[in-house]
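Subject: Structure handover and notes

Dear colleague,

I am passing on the structure for your work, together with my notes on what was found in it. Please read the notes with the sequence and the model open beside them.

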Amino acid sequence: MQRAFTNILTEEVAVTAAFYQELLGLTAKFSSDWFANLEDPDQSGFELGILLKDHEIVPETVRHRPSGIILTFVVDDCDAVYNRARRLGADIIEAPRDMPYGQRRMLLSDPAGTTVDVSSLIRTDN
């Protein structure tokens, strides 16, 4: 395999791309009216595609609203991203809370309706 990344299907490429740029600090590697490829400037190899859902390259059978997936991002500070999401007016599904598996997690919906899990390791002081 040479490369792998997730594409989010959306009705508004620029709006959805800007959301992830503001929320997670991703930068545009490529941007057009039908596709944006975002990357993490500090983490080589991490990419996220934003694709116009009714573009000719997207089969009509997969142009529906996303369902059955949760897109997860592990970050240094879940609470900082939560505060950023609130400033962006994001649709918060669940505020940050400590999970039994050692992470702090929040859930939100992106502008395309994709469920997004933002988590960070729970820091323990000894």
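In this predicted model, strands E1 and E4, the latter covering residues 47–52, are paired in the parallel sense through 5 bridges, and within that pairing Asn7 has Gly49 of E4 as its bridge partner. Both strands belong to an open sheet of 4 strands, whose order is E1-E4-E3-E2 and whose pairing is mixed. Because strand E1 (6–10) and strand E2 (27–31) stand at the edges with a single partner strand each, one side of each is left without a neighbour in the sheet. From one strand to the next, the twist averages 25°.

Helix H1 lies across E1, E2, E4 and strand E3 (35–39), and its direction makes an angle of about 160° with that of E4.

A second pairing to look at is that of strand E6 (residues 91–98) with strand E7 (residues 103–109), which run antiparallel and are joined by 5 bridges; here Glu94 finds its bridge partner in Leu107 of E7. The hairpin that E6 and E7 make has 4 residues between the strands, and Gly102 in this hairpin takes a positive phi near 90°.

Turning to side chains, the structure contains 5 aromatic pairs. One of the aromatic pairs is formed by Tyr20 and Phe73, with 5.9 Å from centre to centre and 50° between the planes, which makes it a tilted pair. Tyr20 sits in helix H1 and Phe73 in strand E5, 53 residues apart, so that the pair links distant parts of the chain.

Sorted by class, the lining of the largest pocket has 9 nonpolar residues, 3 polar residues and 5 charged residues. At least two lining residues are supplied by each of helix H1 (13–24), strand E5 (70–74) and helix H2 (78–88), and it is E5 that provides the largest share of the lining, with 3 residues.

With best regards

Technical notes
Residues numbered from 1 in each chain as written. Predicted model: local features only at pLDDT ≥ 70, side-chain atom pairs only at ≥ 80, totals over all residues. Heavy atoms only, no water. Nonpolar A, V, L, I, M, F, W, Y, C, P; charged D, E, K, R; others polar. Pairing = 2+ DSSP bridges. Axes fitted to C-alpha atoms, helices over the stretch in contact; angles between N-to-C directions. Contact = heavy atoms within 4.5 Å. Phe/Tyr/Trp six-rings, centres within 6.5 Å; stacked < 30°, edge-to-face > 60°.
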